[in-house]
Amino acid sequence: MKALLEVQDLDVYYGGIQALRGISLKVPENQIVALIGCNGAGKTTTLRAISGMLKASRGSIRFAGEQIKGLRSHQIVARGMAHAPEGRGIFLNLTVGENLELGAYLRKDRESVAKDLETGYRLFPILFERKSQIAGTLSGGEQQMLSVARALMSRPKLLLLDEPSLGLAPQVVEKIFSVLKDIHKTGITLLLVEQNAHKALRIAHHAYVLETGSVVMQGTGAELLASPEVRKAYLGD
Amino acid sequence: MKLLKNFLPFLIGIPILWGIQLISPPHIAIILVNVGVNIILAVSLNVVNGFTGQFSIGHAGFMAAGAYTTAKITLALQDTLLPGLSPWLSTQTIFLMALVAGMLLSGTMGLLVGMPSLRLRGDYLAIVTLGFNEIIRVFIENIRWLGGATGLSGVPPYTTLVWVGLGAIATISMARRLVSSTHGRALLAIREDEIAAEAMGVNTTKYKIRAFVISSAFAGLGGGLLGHYILLVTPKTFTFIKSMEVVGMVVLGGMGSISGSIISATLLTVLLEGLRGLDQYRMVMYALLLVILMLTRPTGLFGTHEIWDVLSRYFPKRKAVQKA
Ligand SMILES: Nc1ncnc2c1ncn2[C@@H]1O[C@H](COP(=O)(O)OP(=O)(O)OP(=O)(O)O)[C@@H](O)[C@H]1O
Ligand SMILES: [Mg+2]
């Protein structure tokens with residue numbers, strides 16, 4: 001199957017500390033790929049290197065057939081990749097509506113932007129109710145939804161999600177995951193980082209397990225769910 | 001139609017400014033000219049410090065670049081009569097071209113200073129602009145062609161209240177257009193969170209540099225106008241103290257509020273003028289006032305709000321021009 005994103009032998013350093021050690025992974029078009037692992041394994045670092053927020057010192061990142069390693073994030077967004085970062089990265093002093101509009105910053109087609117705004121509000125009705133509210137005054141879960149909705153506003157081919165369920169009540173987690181499935185159905189490819197390994201593996205076509213900056217295991221979501229090691233280390237069995 | 005809209009403030013401004021100029025006694029006119037120049041400086045600095053969230057503290061360096069360029073040109077062309085123009089029109093045209101040249105040079109300096117420092121995140125700009133301010137002063141003091149430490153004297157008295165008023169209108173229109181365009185959105189995003197702005201697709205470096213260049217050019221305009229009013233261009237006018245005075249105006253008015261900068265530039269200029277009798281305490285009182293204000297109202301008088309936004313809330317027929 002054609003890979004939309006192909007990462008090979010990626011090394012990333014924070015100063016002298018090596019955070020990624022030769023990570024390789026593939027995200028085929030129209031699939032959901034999950035990245036799981038303990039705290040500090042390097043999941044966030046992987047996403048940040050892919051979306052250009054961090055510089056990788058070695059390796060290759062191909063997106064839609066093009067080498068994007070070394071490009072800056074605004075150039076990568078323009079090529080059709082959106083990143084809903086860890087800690088959400090929303091503009092706290094702007095309104096919900098302004099945040100969403102900024103998500104569509106690079107798009108010129110005003111009509112379809114308006115349509116996507118409607119779609120976003122349909123996915124997350126609470127955001128519609130709060131559209132004139134300052135984003136910093138939203139609850140944590142609402143901010144999380146805003147972050148996902150805003151990333152969608154760029155109409156990405158690939159959406160990188162860093163722990164969209166972090167710190168949310170169980171019903172809200174359910175809601176986020178069902179929205180992720182809806183998003184996938186509209187033809188968007190997802191690369192999903194999750195602590196909630198159970199839920200992530202259930203919706204993922206393929207998954208990678210990260211440990212101290214390396215991929216230690218991979219397989220289909222079902223395979224990893226069944227694997228005794230994964231069950232022991234990440235699913236708390 | 002759009003063109004008319006852009007020129008409308010100038011067309012309305014000229015007769016009004018002219019009228020004020022006619023009726024103002026000299027000591028009032030001096031204050032008004034100072035107010036105008038300071039509005040130009042504060043609003044243009046706010047474009048960088050308020051809108052992009054960078055911190056420039058070397059505005060006076062760019063004023064110097066504009067002032068010396070403009071003065072050099074008008075001094076050289078003092079006795080020149082442009083063919084086909086009346087003496088008055090010829091002088092005004094030369095002055096306009098000299099001011100534009102000053103803006104071009106100070107804008108270019110802004111590009112040279114901004115390119116290396118705005119590529120990086122963080123507070124490099126503050127350090128670099130501070131250094132630039134000092135370097136340009138020392139440079140001028142050591143160049144005989146620029147009059148050295150005594151500066152250029154005999155600068156022709158071209159600046160009038162009308163000129164300064166038009167300069168202020170131009171600066172305010174520039175700032176408002178910048179904020180209300182899509183670039184304004186980008187600038188706000190940068191001020192809020194640079195990394196997130198970049199993740200939205202905003203080329204943060206490009207916008208920061210662009211805002212900085214525009215801001216520097218208008219500082220040059222302020223410098224040129226000031227020089228042709230006090231009829232003297234010396235390095236002492238453009239020290240770090242002058243830069244801090246402008247920073248004070250921006251902070252007092254509210255970082256990111258154009259109307260705040262206009263009002264605080266006016267208030268502080270009048271206040272400094274009023275304190276002229278107590279010369280040695282002037283800067284102390286000025287500093288004290290800023291400290292008190294920062295303690296009681298840390299976002300400045302207006303925060304990021306604009307008077308015209310508040311007005312449009314009461315007169316909702318007029319569409320809000322911009323979002324704070
Ligand atoms: N800015 C930074 N400076 C230095 N080290 C960092 C920085 N960010 C992350 N690290 C280190 O890099 C390693 C990987 O961090 P990363 O954030 O990618 O982990 P993660 O898998 O996302 O963890 P979590 O599940 O807790 O979010 C960790 O050891 C972390 O301490
Ligand atoms: Mg993380």
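Two residues are in contact when heavy atoms lie within 4.5 Å. By that rule, 17 residues of chain A are in contact with 19 residues of chain B. This is a predicted model, where local features need pLDDT of at least 70, side-chain atom pairs count only at pLDDT 80 or more, and totals for chains, interfaces and linings use all residues. Residues are numbered from 1 along each chain as its sequence is written, chains are lettered from A in the order in which they are written, and side-chain values use heavy atoms, without hydrogens and water.

**Fold of chain A**
- Chain A has 10 helices and 10 strands (DSSP runs: H or I of at least four residues for helices, E of at least two for strands).
- Its radius of gyration, taken over C-alpha atoms, is 17 Å, close to the 18 Å that the globule rule gives for 237 residues, so chain A is as compact as a globular protein of that length. The globule rule is 2.2 Å times the number of residues to the power 0.38.
- The C-alpha atoms of chain A fill a box of roughly 45 × 40 × 35 Å along the principal axes.

**Inside chain A**
- Of its 237 residues, 54% count as buried, meaning under 20% relative accessible area with a 1.4 Å probe, protein chains only.
- Among contacts between residues at least 6 apart in sequence, 66% join residues at least 24 apart.

**Interface with chain B**
- Chains A and B bury about 1,700 Å² between them, and carbon and sulfur atoms give 57% of this. Buried area is the accessible area (1.4 Å probe) that two parts lose on being put together, summed over both.
- In chain A, His74(A), Phe91(A) and Tyr105(A) lose the most area to chain B, together 33% of what that side buries.

Methods. Buried means under 20% relative accessible area, exposed over 50%, partly exposed in between (1.4 Å probe, protein chains only).
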